[in-house]
Amino acid sequence: MKIILLITILSIFIDAKVLTGIDEAMNATFGEDCKISKKTILLKNNEFKKVQKIAKTKIKSKIFQVYFAKKDSKTIGYGVLISKKIRSNNGVVLYTIDVNGTLKEIEIIAFNEPLDYLPSKKWKNEFINTPNSKFLEVGKNIPTITGATLSAKSITNSARVALALYDIKLKEF
């Protein structure tokens, strides 16, 4: 199982335009002095269904890479790494969430589509400090991106998945 996960993750990054590192993105959100660790989480069938129901979107995998930011051995936040098809290729986005379930930031780690479809920093800032209770939807509380509608929808849907994963699984850590 771990070998399959590793091969999947590596295949995503082989041709990807890697934009930033995971540790850099986590440290930018939670501070340079935090320690980052990662854990692979496998959702049970009932958890998988709950995440999809809360996020109101389909997900293809029950396996997630989650990063933990710790200070003084206390968890201060999480990073949920999600790879999802944008148009015809995958993008990899890290969603950072604090211990209260607030989406702190999103960071695009790798992007396989033409860079013309890459969302701007201004657009990504729409997600900063979004409470878990807010249902994110393109065209309603998240603006559309002219010429990159599929990128906006994919990233926004995955943000809901990351927040649902926090509700269902991460709160217990």
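The following legends describe views of a predicted model of a protein.

**Figure 1. Overall fold of the predicted model.** The protein contains five helices and six strands. Starting from the N terminus, these elements follow the order α-β-α-β-α-β-β-β-β-α-α. The C-alpha trace spans about 45 × 35 × 35 Å along its principal axes. A compact globule of 173 residues would have a radius of gyration near 16 Å, and the 15 Å of the protein therefore agrees with that expectation. Among contacts with a separation of 6 or more, 60% join residues 24 or more positions apart.

Figure 2. The strands form an open sheet in the order 1-6-5-4-3-2, and their pairing is antiparallel. In general, the strands of a sheet pair through backbone hydrogen bonds.

**Figure 3. Pairing of strand 3 with strand 4.** Strand 3 (residues 63-71) runs antiparallel to strand 4, and seven bridges join the two. Within this pairing, Ala69 has Gly77 of strand 4 as its bridge partner.

**Figure 4. The hairpin of strand 4 and strand 5.** Four residues lie between strand 4 and strand 5 in this hairpin. Strand 4 (residues 74-85) pairs with strand 5 in the antiparallel sense, over nine bridges. One of the facing pairs places Lys84 opposite Gly91 of strand 5.

Figure 5. Across the protein, buried residues account for 45% of the 173 residues.

**Figure 6. The hairpin of strand 5 and strand 6.** Strand 6 (residues 103-111) and strand 5 pair in the antiparallel sense over seven bridges. Thr96 stands opposite Glu105 of strand 6. The hairpin has four residues between its strands, and Gly101 there adopts a positive phi near 90 degrees.

**Figure 7. Surface and charged side chains.** The protein exposes about 9500 Å², of which carbon and sulfur atoms supply 52%. Its side chains include 29 positive and 16 negative groups, and the centres of these two sets lie 9 Å apart.

Notes:
Residues numbered from 1 in each chain as written. Predicted model: local features only at pLDDT ≥ 70, side-chain atom pairs only at ≥ 80, totals over all residues. Heavy atoms only, no water. Pairing = 2+ DSSP bridges. Rg over C-alpha atoms; globule rule 2.2 N^0.38 Å. Buried < 20%, exposed > 50% of the residue type's maximum accessible area, 1.4 Å probe, protein only. Contact = heavy atoms within 4.5 Å. Areas by Shrake-Rupley, 256 points an atom, 1.4 Å probe, with all protein chains shown as cover. Lys, Arg positive; Asp, Glu negative; His and termini not counted. Charge placed at Lys NZ, Arg CZ, Asp CG, Glu CD.
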